[in-house]
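I opened my notebook to look at how two chains meet. Here is what I looked up, entry by entry.

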Protein chains: 2
Amino acid sequence: MARVTILGAGAMGSALATPLRANGHEVALWGTWLDDHFLQEFADGGPHPGTKVPLARGAEVFTSDRIADALAGADAVIVAVASVGVLEVSRRAAPHLTRSADPAHRPVLGLVSKGFHQRMDGSIDLMPEAVREAIEDPGAVIVAIGGPCKANEVAAGRFTATAFASTDDGRAATALADLMRTPDYRPSVSDDEAGLEVCAPLKNVYAIALGYADGLEQSTGEPWHNLKSAIFARASEEMGLVAEALGGRVETAFGLPGVGDLEVTGLSGRNKVYGARIGAGETAAEALEHMREAGQTVEGVAASGLAAQLVDSRLGSIADRLTLLAAIRAVLDGAQDPLAVIRGAL
Amino acid sequence: MARVTILGAGAMGSALATPLRANGHEVALWGTWLDDHFLQEFADGGPHPGTKVPLARGAEVFTSDRIADALAGADAVIVAVASVGVLEVSRRAAPHLTRSADPAHRPVLGLVSKGFHQRMDGSIDLMPEAVREAIEDPGAVIVAIGGPCKANEVAAGRFTATAFASTDDGRAATALADLMRTPDYRPSVSDDEAGLEVCAPLKNVYAIALGYADGLEQSTGEPWHNLKSAIFARASEEMGLVAEALGGRVETAFGLPGVGDLEVTGLSGRNKVYGARIGAGETAAEALEHMREAGQTVEGVAASGLAAQLVDSRLGSIADRLTLLAAIRAVLDGAQDPLAVIRGAL
């Protein structure tokens, strides 16, 4: 049995206690300053405010001031805070990670948080690149964690297949997967960190277009399934192109992190709902305002801007093939006729 | 302008008159003996019984006894009858196809009908293989037509991206695509007939499993999105394996004919509904009986049996990797615990 520390007691971080505890590991769940207000009630058996599922029995909870205690002796650490907090939390955690000169005994740092990271100069890093740079001597090997994974389902122990990747030929990913794998939580392992990291934010962007097709159905009273499927296929292809251009593999886009995650993201979720509002006739700005009023952050909007930066700074060679990505950006920028723009990109 | 004859006035055959007439071609729509009863009313401007959409203006309608008239002078022929009738209709059409020694002037025969074809000895052919054999001297080059394509949307002129393939390096597919392409009907072209033909029936089988996940949501009151996404990703992977094993390409499974068509088939349709009944707690036999009572043929059921034959006869080398396909077959055969069987396959 190992000791695993989860940093971030949001929906996903808290949910991962379920497979870990099912395997009998010692689990320390540390909440950020954003989690402190519900942490005691959650520790006492109350439902999580995000997943509505109680914490796995036996997991120990640590408030934000106790990061050192939470990390003491951790064999593996999972970072599951909101993307905006990843570097800050990683920096705070770094001094407390177990250090060892022997790579086989360095803890693995599972990175659940996803997103494109923008540097001060505007250029874009994938998240693990940014974390490695931020913590300098991490004392840990990073394992990127992705794939179609709704937190409430993981928390409740329903079947979930995910993807783990590490650049050390997948060794660290295998080690972490072995700690976490249960009959209902099933990581597959690869070395394709770049492919996995690319798909996670991009699928949020493409889900806006999938939602757009759903919204057309509302505004026209007719199904647009053929359009939605064409968008799905093109989105998959473009994720593969981006993955490959950044040193990853096309297959990753055609696996759980790509088409798998796009499937679930296009079924439900905020990005899809936002796109559906545009399809139903709202302008992109009106739709975003309505989402804001409902307290709903649309991750794909920020991701689309960062993706545009990524294209400009690192993907010049394939930029003219990413037509759907460009079309979504144009729609979010207020294009007059979204259907014409999206149709023209397919 | 060309003369194009569509054989089969069902939903899809009738729908294809829309892009053809939009391009100003002469269109002859021939109905089988199953279509005769509604053909006059449809010709007179009534809605099609399948799509509820009227026939594109200017298309000429031919009853089943007039196949020779319908085919006279056809530059291209599209076969769009139910799978079970493809060989019979192809044989009847063959004597009337324009013959020419020059391959550039032989008519193209677009094959919309899909499915695995079982020979008398039980072995399985892909549909174009069977058609080529049945008509011996076809006087035409076959173009396989697939991809996500709901007939009612094509008939109404809503955006549809499809895939055309012909084994002559895609030349015939290109010729037919050039006749049919409109701003809203958009064929892409390849030479991968096998890949395209494999995906079409297999996606109906896999859609049963996607529906199963939806049905679990009904019976448990909880979402099973992660399971559905895992099924989707595995189904895509298995379609790629089968395509490759039969001489096709993995990319086809990851394009419109594969993930694109699986997306639309998993959204709606009879295969999905049948799977959802099983997920909701009916046995496979009960669910099939209920579908039959509602007059709903579940194509994926027959396809799953034929796919099993295909695996036995031609896919021995990859049989043990097609775990989801085998699991679906086991569920349809009455496995006691479908969730355990499907979960075990992922």
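**Entry 1: which surface.** I began with the surfaces through which the copies meet: 100% of the interface residues of chain B are also interface residues in chain A, so the copies meet through the same surface. Contact here means heavy atoms within 4.5 Å. By that rule I find 37 residues of chain B in contact with 37 residues of chain A.

**Entry 2: ground rules.** I note that this is a predicted model, in which local features need pLDDT of at least 70, side-chain atom pairs count only at pLDDT 80 or more, and totals for chains, interfaces and linings use all residues. Residues are numbered from 1 along each chain as its sequence is written, chains are lettered from A and ligands numbered from 1 in the order in which they are written, and side-chain values use heavy atoms, with hydrogens and water left out.

**Entry 3: symmetry.** A turn of 180° and a shift of 0.0 Å along the axis do it, with an RMSD of 0.0 Å. That is the relation of a two-fold axis. Which residue of chain B comes closest to the rotation axis? I found B:Phe254, with its C-alpha at 3.2 Å.

**Entry 4: area.** Buried area is the accessible area (1.4 Å probe) that two parts lose on being put together, summed over both. Between chain B and chain A I read about 3200 Å², and carbon and sulfur atoms give 59% of this. B:Arg158, B:Phe159 and B:Asn226 supply 22% of the area that chain B buries against chain A, more than any other three residues.

**Entry 5: charges.** For a salt bridge I need a side-chain nitrogen of Lys or Arg within 4 Å of a carboxyl oxygen of Asp or Glu. The rule finds four across the interface of chain B and chain A.

**Entry 6: elements.** Helices (H or I, at least four residues) and strands (E, at least two) are DSSP runs, numbered from the N terminus. Helix H7 (151-155), strand S9 (160-165), helix H10 (225-245), helix H12 (256-267) and helix H17 (338-345) of chain B each give two or more residues to the side that touches chain A. The largest share, nine residues, comes from H10(B).

Notes:
Least-squares fit on C-alpha atoms with pLDDT ≥ 70 in both.
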